[in-house]
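Here is a short briefing for a first look at this structure. Keep the sequence and the 3D view side by side as you read.

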Amino acid sequence: MDFSLEVIPLPVSDIDRARDFYRDRVGFHVDVDQEVVPGMRIVQLTPPGSGCSIALGDSIWEMAGGPRPAPGSYQGLQLCVADIEAARAELTGRGLEVSEPVRYAPDDGATFMYFRDPDGNGWSVQEYRRRATEPLHRVLADLASRRE
């Protein structure tokens with residue numbers, strides 16, 4: 001059986017402020033913004049080209065039965081791009097404060113830049129140049145067909 005990671009709940013203090021930040025500054029698409037059951041609003045946003053979304057909501061944590069993480073406590077969330085310079089230009093053009101790219105090694109996949117959301121949740125953007133010619137969804141489909 002395949003298990004795909006498709007939604008990550010993200011702890012934020014203000015759903016509207018976070019929705020606006022991820023939509024307007026980071027460029028995520030708003031997939032859902034509604035009260036899904038009485039008293040439970042969910043905002044789900046997806047990065048362009050991604051198969052995984054983030055979910056913002058007040059009651060998400062209670063449904064899972066676990067502790068509620070503090071807003072801003074998530075660190076290390078990661079986006080991947082084929083061209084980090086183009087991604088930085090796009091993000092800064094939307095008014096996002098993002099670090100300069102840091103090249104840790106000359107290898108593909110070793111260049112990162114960083115930003116935080118209004119609550120302090122920390123994101124990295126990894127340059128993976130190979131994605132320009134080998135999008136992840138194609139790589140995964142090819143791997144799945146080899147298993148069958």
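Strands β2 and β3 (residues 40-46) run antiparallel and are joined by seven bridges. Across this pairing, Val-32 stands opposite Gln-44 of β3. The model described here is a predicted one.

**The sheet**
- β2 and β3 belong to an open sheet of four strands, in the order β1-β4-β3-β2. Pairing in this sheet is mixed.
- The edges are held by β1 (7-9) and β2 (29-37). Each has a single partner strand, so one side of each lacks a neighbour in the sheet.
- From one strand to the next, the twist averages 25°.

**The helix on the sheet**
- Helix α1 (residues 15-25) packs on the sheet.
- Helix α1 touches β2, β3 and β4.
- The direction of α1 makes about 15° with that of β3.

**The largest pocket**
- How much space lies in the largest pocket? The value is about 1200 Å³.
- The lining of this pocket is made by 38 residues. Nearest the pocket centre lie Pro-48, Gly-49, Ser-50, Gly-51 and Cys-80.
- By type, the lining residues divide into 25 nonpolar, seven polar and six charged.

**Who supplies the lining**
- Three strands are named here: β4 (53-57), β5 (77-81) and β8 (122-127) each supply at least two lining residues.
- Helices α3 (84-93) and α4 (136-147) also supply at least two each.
- Which element gives the most to the lining of the largest pocket? That is β5, with five residues.

Key:
Residues numbered from 1 in each chain as written. Predicted model: local features only at pLDDT ≥ 70, side-chain atom pairs only at ≥ 80, totals over all residues. Heavy atoms only, no water. 1 Å grid on protein atoms, 1.4 Å probe; cavity = no way out; pocket = protein on both sides within 12 Å on 5 of 7 lines; lining within 4 Å. Points joined across faces, edges and corners; volume = space filled by probe spheres on them. Nonpolar A, V, L, I, M, F, W, Y, C, P; charged D, E, K, R; others polar. Pairing = 2+ DSSP bridges. Axes fitted to C-alpha atoms, helices over the stretch in contact; angles between N-to-C directions. Contact = heavy atoms within 4.5 Å.
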